[in-house]
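Visitor: I am new to reading protein models. Could you walk me through a few features?

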Amino acid sequence: MADSPRNVGQQDDLYGPARPWRPAIVVQLTILIHLAALVALLFRLAWWPWIVAALVANHVALGLIGMWPRSRLLGDNMLRLPDTAARRGEIAITFDDGPHPEVTPKVLDILDRYGAKASFFCVGEKAASHPDIVMEIVKRGHTIENHSMRHPGLFGFYGPMALQREIGAAQSVLGGLAGRPPRFFRAPMGIRNPMLDPVVARMGLHYISWTRRGFDTVARDPAAVLKRLIDSLAGGDILLLHDRPTVHGEPIVLIVLPQLLEKIHSAGLKPVSLTMAMR
């Protein structure tokens with residue numbers, strides 16, 4: 001079983017320095033609502049139906065916000081590269097859900113053909129099953145980042161300890177294979193809850209989503225995917241693709257990626273890894 005963060009042997013080599021954490025405004029309001037509900041129950045027990053309704057409404061609101069991947073209401077969320085990277089004309093292409101034994105090597109070949117660098121948000125279990133591909137990603141100058149250990153469908157409902165185990169296990173596997181610990185974390189399907197932000201901060205990771213995505217895992221039309229990615233394309237953008245087949249069984253990324261890289265080149269932009277963009 002993978003060690004939980006900051007325990008056995010204090011595995012600080014797996015994590016960056018813990019970052020200060022301050023509750024986001026929505027989390028602060030949630031704490032105040034719960035404290036007010038407790039006080040109200042102590043002094044006005046007859047109000048309990050209204051108090052329960054208020055708490056339920058609060059949690060429904062939190063759930064809806066958690067399903068909004070680009071929201072910053074639950075905590076830090078990197079939507080674009082730093083201004084310095086944008087001024088250099090840099091753009092980040094990121095790939096989720098891999099590595100895939102057939103698709104990822106072909107993605108690497110396309111990136112090589114255009115001299116592009118990227119970041120791969122890998123699933124720990126898949127990485128452990130295909131360690132050679134992970135090491136090849138690093139060998140070709142790309143970076144490996146954390147996309148959870150198992151990509152669980154119920155990730156957005158996990159509590160603090162489950163989040164630590166899930167992210168920490170992936171951090172251990174990916175860091176061991178890549179030779180350096182991931183610096184960034186992206187939640188499965190971009191869904192999260194208020195308990196994720198302090199866990200990510202404590203582990204020294206930076207939470208990141210994207211500027212725009214192509215919905216390449218569900219689309220059938222490569223032209224539509226490409227249009228979503230290049231609409232208002234500019235330096236500092238973070239683009240999301242997936243190095244795996246679509247739900248229809250075809251790796252649409254292999255069709256879209258060369259066209260995307262052509263557009264990026266013609267716009268005078270440079271595809272870099274997230275680590276390169278942060279220098």
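This is a predicted model: local features need pLDDT of at least 70, side-chain atom pairs count only at pLDDT 80 or more; totals for chains, interfaces and linings use all residues.

Visitor: Which helix gives the most to the lining of the largest pocket?
Guide: Look at which element each lining residue belongs to. H2 gives the most, with four residues. Helix H1 (25-43) and helix H2 (48-66) each supply at least two residues of this lining.

Visitor: What is the lining of the second largest pocket like, by class?
Guide: Sort it as before. Here there are four nonpolar, five polar and five charged residues. The second largest pocket is lined by 14 residues. Nearest its centre lie Asp-97, Met-189, Arg-213, Thr-217 and His-242. Its volume is about 230 Å³.

Visitor: Now a helix. Which residues of helix H9 are buried?
Guide: A residue counts as buried when its relative accessible area is under 20%. In H9, residues 222-230, the buried ones are Val-225, Leu-226 and Leu-229. They cover an arc of only 95° around the axis, so they sit on the same side of H9.

Visitor: What covers the buried residues of H9?
Guide: Look for elements in contact with them. The cover includes strand S6 (212-213), strand S7 (238-242) and helix H10 (253-266).

Visitor: What happens at the N-terminal end of H9, and what comes just after the helix?
Guide: Check the ends one by one. Asp-221 caps the N-terminal end. One of its side-chain oxygens lies 3.1 Å from the backbone nitrogen of Ala-223. Just after H9, Ser-232 has a positive phi of about 60°.

Visitor: Is Ser-273 buried or exposed?
Guide: Compare its relative accessibility with the 20% cut-off. Ser-273 is at 1%, so this residue counts as buried.

Visitor: Which residues is Ser-273 in contact with, leaving aside its neighbours within four places in sequence?
Guide: Skipping those neighbours leaves contacts from elsewhere along the chain. For Ser-273 they are Lys-117, Ala-118, Ser-119 and Thr-143. For a distance, take C-alpha atoms: Ser-273 and Ala-187 are 86 residues apart along the chain, and their C-alpha atoms are separated by 19 Å.

Note on methods. Residues are numbered from 1 along each chain as its sequence is written. Side-chain values use heavy atoms; hydrogens and water are left out. On a 1 Å grid over the protein atoms alone, a cavity is a set of points where a 1.4 Å probe fits but cannot get out, and a pocket is an open set with protein on both sides within 12 Å along at least five of seven lines; lining residues have an atom within 4 Å of a point. Grid points are joined across faces, edges and corners, and a volume is the space filled by probe spheres set on the points. Ala, Val, Leu, Ile, Met, Phe, Trp, Tyr, Cys and Pro count as nonpolar, Asp, Glu, Lys and Arg as charged, and the others, Gly among them, as polar. Buried means under 20% relative accessible area, exposed over 50%, partly exposed in between (1.4 Å probe, protein chains only). The arc is that of the directions from the helix axis to the C-beta atoms. Contact means heavy atoms within 4.5 Å. A polar contact is a pair of N or O atoms within 3.5 Å; within protein, one must be able to donate a hydrogen and the other to accept it, and residues adjacent in sequence count only if both atoms are side-chain atoms.
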